[in-house]
Amino acid sequence: MTHWIVAPVILPALLAPFIVLAARFHIGIQRSFSVAGVLALIGCAAGLAWQTSDGTILLYQLGDWAAPFGIVLVGDRLSTMMVLLTAVLGLFVLLYAIGSGWDNRGWHFHALFQFQLMGIMGAFLTGDLFNLFVFFEVLLIASYGLMIHAGGNARLRAGVQYVLFNLIGSTLFLFALGSIYAETGTLNMADLANRVALIDPAETVGIRVAAVLLLLVFAIKAALVPLHFWLPSSYAEAPAPVAALFAIMTKVGAYAIIRVYTLVFPPDVEVTSGLHDVWLQPAALISVALGMIGVLAAQRLDRLVAFSVIGSMGMVMVTISLFTPAGIAAALYYIVHSTFAGAVLFLISDLVRTGRRDLELTPQPTMSGAALTAGLFFVGAIAMAGLPPLSGFLGKLLVLEAAFSSDLMVWIWTVVLVSSLISILGFARAGSVLFWKAHSVAPDNGAPVRERPAPLAYVAVGGLLSLLIANTVFAGQVHGYTSKIAAQLFAPEPYITTVVDTPGKLSEPKEDK
Amino acid sequence: MEFLVASAIGIMTAAGLYLLLRLRTFPVILGISLLTYAVNVFLFTSGRLTVGGAPILRDGVTQYADPLPQALVLTAIVISFGMTAVVVMIALGAFLGSNNDFVDDQPEGQDDQMEGRS
């Protein structure tokens, strides 16, 4: 049994208290340990992804207790890919936070950042539903601290909404877990998969309620309309690096839906028939439309980016709700793309904020460093809107192709194409107001000269953009790998047998002493 | 006993939901607390209701209480307690900073006219 799979959880969990206790007053030490930690995390994650890339399923029994009784961590292709994605995103976000000085505008940024990473990693790796709840809470409580980092009234007010909404989500999660346990007597995902298949079709009331409650909880995390109300304010008011890190948090919801609804409640199980196509798909289509209309209607740049995140999450959910191998493969490709695109747009909006009075989409005098920022915004907007040549375009092509055989094919094609057009208009309007109309406004000589953003901030943004470009250039390989992930998800037998049949501490008969 | 416990969960959930839909932070936080009480009892009952059952395997005992929901409830209580403390502190900070304790987004410049709403 390899111990490496627990490292992405343990490493930040040890680093965060160390940073709080030993390096509280030394921002330099905090920064170097935080960066070193994330680099080590990328190493671990890459190693795990390499180990699982041939279809191996890594199992880690905490305390050596066998599966249905103890908690297990499971690494398959999907979870290790998400872990690697998180670690890479974490590195660039951290570099931006250091470069722009955000981490020094309040206390304990780096410790909270590590705790946040720990929660996300744990949520991706766990094989137990209650443990998933616990890791959700770990990532949420760290995100509450990060969300109100550096204070300010608007941020605190948005923070209250964010915390309250997520508390309601957690309570719903507990209700769902209670009903699942009452119906099946287990919370281990692999064990659940076996037991749900055995439920008598005539007595499925309880498990149906549980499945819908669970879907609601994950949809809150994924900001699916009509459960998206927490997202625009909190992402817009959060500090930019934090909002960029939150780009992966909506993906945690998408991941949980993929995991639970391919493993425990697969599409062919009668218990949850109708859940995906009747409910999830229309809600996802409305999310796409609403997000992109929000992009066009937004009055401020940060809100615009927040709505584009809702739209791209809707796109991910449309593809997931097809629940075909092609659909999941396209969704995973789009998840990689939209994580980087959303994060880079939040960081760019902070570059704009550094040079301007505020983020209102009104003409203001030219900002410092405008040419470079405008160029970056141009590339980021192309990626998010899904124009060629970047990966957003390829992602949308894959989505459309996967939807070709669906019953709702006409609706999906119409909504995706029309909303793409609307979002292009929205981004073009924002870019022209921010960067072009600035030249027609007379510079205000009395205003204080604003300094240019730090070079390290540009390095971080450039790094994320180059990842987007790499995702485009190597699209064939990436999509090939996501297709393998989808194939593994739709043949869950090895996963289930690995988890359930591996012996642990009490499995063998006790030897007499 | 089943009726008593079920109706207690139901009433607490209903009251919690009603308070959750209020506009000011204090009732909303009370509503969240009530909901977490309800969910704690709900989790507890998910292992079926037994009186005086032993939770650990022992010789000569035939009736057992399921120990797992008790462990789950313990975790849930600790988490919800901590989260409630966090939200109280953040809400207090927001209230002291802006002198306004409404949960929803306020239109700009209208904070002073909100006294009459509840």
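These legends walk through close-up views of a predicted model.

In this predicted model, local features need pLDDT of at least 70 and side-chain atom pairs count only at pLDDT 80 or more, while totals for chains, interfaces and linings use all residues. Residues are numbered from 1 along each chain as its sequence is written, and chains are lettered from A and ligands numbered from 1 in the order in which they are written.

**View 1. Helices α3 and α13 of chain A meet at roughly 5 degrees.** The axes of α3(A) (residues 77-100) and α13(A) (residues 325-355) come within 11 Å; helices (H or I, at least four residues) and strands (E, at least two) are DSSP runs, numbered from the N terminus. Axes are lines fitted to C-alpha atoms, for helices over the stretch in contact, with angles from 0 to 180 degrees between N-to-C directions. The two helices are therefore roughly parallel, a label for angles under 35 degrees. Look for A:Leu85, A:Leu89, A:Val93, A:Tyr96 and A:Ser100 on α3(A), with A:Val336, A:Thr339, A:Ala343, A:Leu347 and A:Asp350 on α13(A). Contact requires C-beta atoms, placed from the backbone, within 7 Å.

**View 2. A:Val461 sits in the largest nonpolar core.** Of the 222 residues in this core, A:Leu347 and A:Val461 touch the most other members. Such a core is a set of buried Ala, Val, Leu, Ile, Met, Phe, Trp, Tyr and Cys residues joined through C-beta atoms within 7 Å; buried means 20 or more other C-beta atoms, placed from the backbone, within 10 Å of the residue's own. Helix α13(A) gives the most, with 19 residues. Leaving aside neighbours within four places in sequence, A:Val461 is in contact with A:Tyr96, A:Val344, A:Leu347, A:Ile348, A:Leu351 and A:Leu376.

**View 3. Helix α7 of chain A (residues 189-198) has buried residues.** A:Met189, A:Ala190, A:Asp191, A:Leu192, A:Ala193 and A:Val196 are buried here. They pack against α5 (129-147), α6 (153-184), α8 (205-221), α10 (240-263) and α19 (493-501) of chain A.

**View 4. Strands β1 and β2 of chain A run antiparallel.** Four bridges join β1(A) (residues 58-61) to β2(A); pairing takes at least two DSSP bridges. A:Gln61 stands opposite A:Val72. From β2(A) (residues 72-75), A:Val72 and A:Val74 point one way and A:Leu73 and A:Gly75 the other, and all are buried.

**View 5. Chain B touches chain A.** The contact takes 26 residues from chain B and 23 residues from chain A. On the chain B side, α3(B) gives the most, with 14 residues.

Terms used:
Parallel < 35°, antiparallel > 145°, perpendicular 65-115°, else oblique. Contact = placed C-beta atoms within 7 Å. Buried ≥ 20, exposed ≤ 12 C-beta atoms within 10 Å, placed from the backbone.
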